[in-house]
Protein chains: 4
Amino acid sequence: MPVTPEQQAEIDAQRAMRHQTARATVPGMEAHLYEAKPVLDHGFIRVIDYMGDDNAITQAARVSYGKGTKSVQNDEGLIRYLMRHWHSTPFEMCEIKLHVKLPVFVARQWIRHRTANVNEYSARYSILDREFYIPAPEHLAAQSVINNQGRGEALQGDEAARVLEFLKADSNRAYDHYEEMISEDGQQGLARELARMNLPANIYTQWYWKVDLHNLFHFLRLRADSHAQYEIRVYADAICDVVKDWVPFAYGAFEDYRMGGAQLSGRGVECLRRMLSGEEVTQETSGMSKGEWREFMAIAKPN
Amino acid sequence: MPVTPEQQAEIDAQRAMRHQTARATVPGMEAHLYEAKPVLDHGFIRVIDYMGDDNAITQAARVSYGKGTKSVQNDEGLIRYLMRHWHSTPFEMCEIKLHVKLPVFVARQWIRHRTANVNEYSARYSILDREFYIPAPEHLAAQSVINNQGRGEALQGDEAARVLEFLKADSNRAYDHYEEMISEDGQQGLARELARMNLPANIYTQWYWKVDLHNLFHFLRLRADSHAQYEIRVYADAICDVVKDWVPFAYGAFEDYRMGGAQLSGRGVECLRRMLSGEEVTQETSGMSKGEWREFMAIAKPN
Amino acid sequence: MPVTPEQQAEIDAQRAMRHQTARATVPGMEAHLYEAKPVLDHGFIRVIDYMGDDNAITQAARVSYGKGTKSVQNDEGLIRYLMRHWHSTPFEMCEIKLHVKLPVFVARQWIRHRTANVNEYSARYSILDREFYIPAPEHLAAQSVINNQGRGEALQGDEAARVLEFLKADSNRAYDHYEEMISEDGQQGLARELARMNLPANIYTQWYWKVDLHNLFHFLRLRADSHAQYEIRVYADAICDVVKDWVPFAYGAFEDYRMGGAQLSGRGVECLRRMLSGEEVTQETSGMSKGEWREFMAIAKPN
Amino acid sequence: MPVTPEQQAEIDAQRAMRHQTARATVPGMEAHLYEAKPVLDHGFIRVIDYMGDDNAITQAARVSYGKGTKSVQNDEGLIRYLMRHWHSTPFEMCEIKLHVKLPVFVARQWIRHRTANVNEYSARYSILDREFYIPAPEHLAAQSVINNQGRGEALQGDEAARVLEFLKADSNRAYDHYEEMISEDGQQGLARELARMNLPANIYTQWYWKVDLHNLFHFLRLRADSHAQYEIRVYADAICDVVKDWVPFAYGAFEDYRMGGAQLSGRGVECLRRMLSGEEVTQETSGMSKGEWREFMAIAKPN
């Protein structure tokens, strides 16, 4: 349960608000507003605000005075053209603001995306809650044996149990000591900005995060990807579900050209042409390293 | 008249739209939406969209779940505190999108503010209109005799007339030739991306410009300042009039701490303390250069 | 001749300097330092400074204490891996500073790349020189008949002559009037910040431009591309010639994966697989629009 | 001892390099290059590279072809003018690259400064070392009783001992379990990207951090300030010691106008003028809140 009853009441109060506006408004997004979408065991994403819609993208691309007389179909075609040709500025004309609750080690990856606005809950000023991410058994993965930066099969039996026990016990002990250290009951009480350093990276933090659609797509391309760490990918997936309802044409183009697409090198293009003209090409005759060839064949001829 | 009747009709259609939203909505801004506010002889600013309000600033600063139980008065106090202590991220949580029509030489100054999103009308793709900025007589200023980067009194009599004649005649001749060069009537027609280079810097262009409130305040501090060139200052002033109605607490704090405030150097603080303790301080005993002393005295003891 | 004898003497003096440094140093770049490489009729690029080399990229990727014990070959392999997998931050660890002289209409395109540092010559403060870009006859191109944003064949005969005459005469007349307006000889003299607006977009300006290698590659991918306007492409090409000598491994990877590579959509990948398995695919059965199909076939089966 | 003998040997090898360069070179910075300057119990900063010097700032401001014929004194005057009038772009023309080893909770504050380039040691890919920040007794501070976001007196006696014991024991136990979880000895071994989440925020990480001088000054103004948390302030102080030797004029101007200066609000300027004209002003007659008045008096009349 990621939110308390008091928090849920505040959320419900905001969801019940109704204002009149002449701004671009998307009914599908209005339905998502403020609602906490659960992610991991205690996390969530909440849409706090949004600016623009599909039409705002083409309106900006055309620098137009109104919605334009162009048909909806033309909007979709133009959006696909803009995405295909790497035009970024029209997509920057849409903006979204999220409230996110997430483990600190996920936050540390997330913050690497610099072109966004962030306000994080301050552990210098406030006291953190006793909430830690403990993976579900099926996500307690072993180190990958083929990729230094990845994970393999789920841990089994005793090993899994031992790891879960470590994570739970260490988190709770660290939090007990955090509380004892900051307590002002019969003692001075350690400064919060110092006490927090005893807390492990699976503790939850939260922030307001605001980003434009172009930079959000960049984030999603990297973080909703199968190579991303599972714990951030589930946040990216939850955001995808919302963006789909916000800007359906732009999201469709993003899925086709970015998520579902592939990047070929100059050598790859050349091999492809040779293959299409009937030539048999092997790694040896491709001019590619083994790693490049493996990645190329996964695009051209997946088994 | 900065917009055509057809454009005005498109604007009116957008102004008449009414949607229901649960997003933060500011009635004062709704009244400004889409309307072309005239600036200079053919320019304007139009508010296309906005995200957030004063409460969105404090909400983000507190990373809260709802509007918060805090009173409006607390919101104002917190906003003033955040502004005074140079907290920037909460102000980044508000965003505004403008449509601006402006002379090219103003656009060239404006674009130096990099932390914003821009879509400009493309003169590679489209044909520019015959619209040039011709200063009103009272703004036809002489070069300043005391400041290399400024202007002095308005030009008088024959000189003023001669300058106006140059500006008008050269603009029109350049535009006539632009039209002749791109014409495909009985000739191939020069590429638009080349023909545009014949046009002078007082021709009007237009763009969609989207920026967060923190960076907008930075822009306004520099461009609504008395040292800014008059032709960009009038745009900044027009934006101030809108921001005032959008986020009145934040704008009030900005006016007090940024526009109306002053920055003292370490030497300035020391001189000030000496003066307040009754000492007579002169430029010679201040440790400041003449320029610094003049600027210091303009703050401390304006005549 | 883009630089005066006095400027050349200043350049020669800087080229003759010799300092001892323990910083990463690239002999090939030292040879380029300060030299004005001519571009267009009066423009140039000059390398003013650089930070880092190929090794600085891998050093940062490994967060290492020294140059690392890894072989040069490993450096190249790692750089290709980083480029292929869109790792951007290691490439940001190299930085270059250029002095560029360029026509204003080129500067207006260039400045759209926001992630760079710029100091432009100030026409509020200083007086611009009488230098205008006049295209060579072979670059005086007609508007493209198939692409709204491009150019076709070179203009012929009388039309070409007429266009050149317009460009030259209008530039010179505008500059004559600029000089007359700012003259303080027997008159007040118009403020420079106003007089400049009479000057056309083919006048030359200049700036210092500093950018990291990742963002430079992004600039080069868009501006050294065949779809870029010729007048900015020649600047990008001149920069490529320098970067090649600065970070040869990174530049090689950039050429292979970005300049020579291709981006396929999800639909494109699917068509490709069908074609490689022997199926005949046409635009009608591809699921692509005509434009997409044309672009896809230009990758897969160029004639 | 923040570096191992092997690391020190790599550092010494880099310090011994000597190359010839025509780039701007600062002897005082050459002496700092690569050397690990200790910060906290296991951390350091190391200068890896730098671009530019004081002259590079004025050269860019003047967009000049050489070092300029202006005297060194003029350089200092211009730099002070640029700093006083908030010109930022000339300072962006200098760049510095640091290798920093720092506790994770410090890294989390540091990374909030977005306008910089960062490569952090990857705990998805590599194994972290057993190194934790344990405060010296005099820095083991109590929560401030007057400021929610600050610290008071050092903890005394038993309480201090108990806190130190918690920090040490919890760190070590967490690290023991981290090692046990990732061990592949007789078990699968937990993925590193998961195991790291058991580690507390006082563990050390490291990164390469590259930033321009303007943004570095912004960082230093906030982090070398007395309100910054002690553990980040010591890093900022160590950087100040280096910058002082790199760009002495710019650093001097920064100290005078930013670190040693003060920002007055419009109300503050007005009160100041009243006081200088002999009027007795109190908080009640100042128009300021108590907090603002206290801060104003700390500038005007510190006791």
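Analyst: Start with one pair. L98(D) sits opposite W209(D), a residue of β8(D). This is a predicted model. Keep that in mind throughout.

User: Which strands does that pairing join, and in what sense do they run?

Analyst: Strand β4 (residues 95-103) of chain D pairs with β8(D). The sense is antiparallel, and nine bridges link them.

User: What else pairs with β8(D)?

Analyst: Look at strand β5 (residues 117-120) of chain D. Four bridges tie β5 of chain D to β8(D), and the two run antiparallel. V118(D) is opposite W209(D) in β8(D). Now put the pairs side by side. W209(D) has L98(D) opposite, and V118(D) opposite too.

User: Which residues of β8(D) point which way?

Analyst: Y204(D), Q206(D), Y208(D), K210(D) and D212(D) point one way. T205(D), W207(D), W209(D) and V211(D) point the other way. All of them are buried.

User: Now the interfaces. How many residues of chain C are in contact with chain D?

Analyst: Begin with who touches whom. On chain C, 55 residues are in contact, and they meet 55 residues of chain D. Then ask about area. Chain C and chain D bury about 5,000 Å² between them, and carbon and sulfur atoms give 52% of that. Then ask who supplies it. R23(C), M51(C) and Y65(C) give 20% of the area that chain C buries against chain D, more than any other three residues.

User: How many salt bridges are there between chain C and chain D?

Analyst: The count is four salt bridges. One pairs K210(C) with E95(D), with the closest N and O atoms 2.5 Å apart. The polar contacts come next. Chain C and chain D have 34 residue pairs in polar contact between them, with both residues at pLDDT 80 or more.

User: Which elements of chain C each supply at least two residues to the side that touches chain D?

Analyst: They are α1 (5-15), β1 (19-21), β3 (43-51), α3 (54-62), β4 (95-103), β5 (117-120) and β8 (204-212) of chain C. The most comes from β8(C), with six residues. By kind, the residues on this side divide into 24 nonpolar, 16 polar and 15 charged.

User: Which strands pair across chain C and chain D?

Analyst: Strand β1 (residues 19-21) of chain D joins β1(C) by three bridges, and they run antiparallel. H19(C) has T21(D) of β1(D) as its bridge partner.

User: How many residues of chain B are in contact with chain A?

Analyst: Read it with the steps you know. Chain B has 55 residues in contact with 55 residues of chain A. The buried area is about 5,000 Å², with 52% of it on carbon and sulfur atoms. R23(B), M51(B) and Y65(B) supply 20% of what chain B buries against chain A, more than any other three residues. There are four salt bridges across the interface of chain B and chain A. E95(B) and K210(A) form a salt bridge at 2.5 Å, N to O.

User: What pairs with β1(B)?

Analyst: Strand β1 (residues 19-21) of chain A does, antiparallel, over three bridges. The bridge partner of H19(A) in β1(B) is T21(B).

User: How do I read a single chain?

Analyst: Count the elements, then look at extent and burial. Chain A has 13 helices and nine strands. Its C-alpha trace spans about 80 × 60 × 30 Å along its principal axes. Of its 303 residues, 61% count as buried.

User: Where is Y34(B) found?

Analyst: Y34(B) is in the loop between α2 (27-32) and β2 (37-39) of chain B. Y34(B) has a positive phi of about 70° and is not a glycine. With a relative accessible area of 2%, Y34(B) is buried.

Note on methods: Residues numbered from 1 in each chain as written. Chains lettered and ligands numbered in written order. Predicted model: local features only at pLDDT ≥ 70, side-chain atom pairs only at ≥ 80, totals over all residues. Heavy atoms only, no water. Buried < 20%, exposed > 50% of the residue type's maximum accessible area, 1.4 Å probe, protein only. Contact = heavy atoms within 4.5 Å. Buried area = accessible area lost by both parts, 1.4 Å probe. Salt bridge = Lys/Arg side-chain N within 4 Å of Asp/Glu carboxyl O. Polar contact = N/O pair within 3.5 Å; in protein donor to acceptor, adjacent residues only side chain to side chain. Nonpolar A, V, L, I, M, F, W, Y, C, P; charged D, E, K, R; others polar. Pairing = 2+ DSSP bridges.
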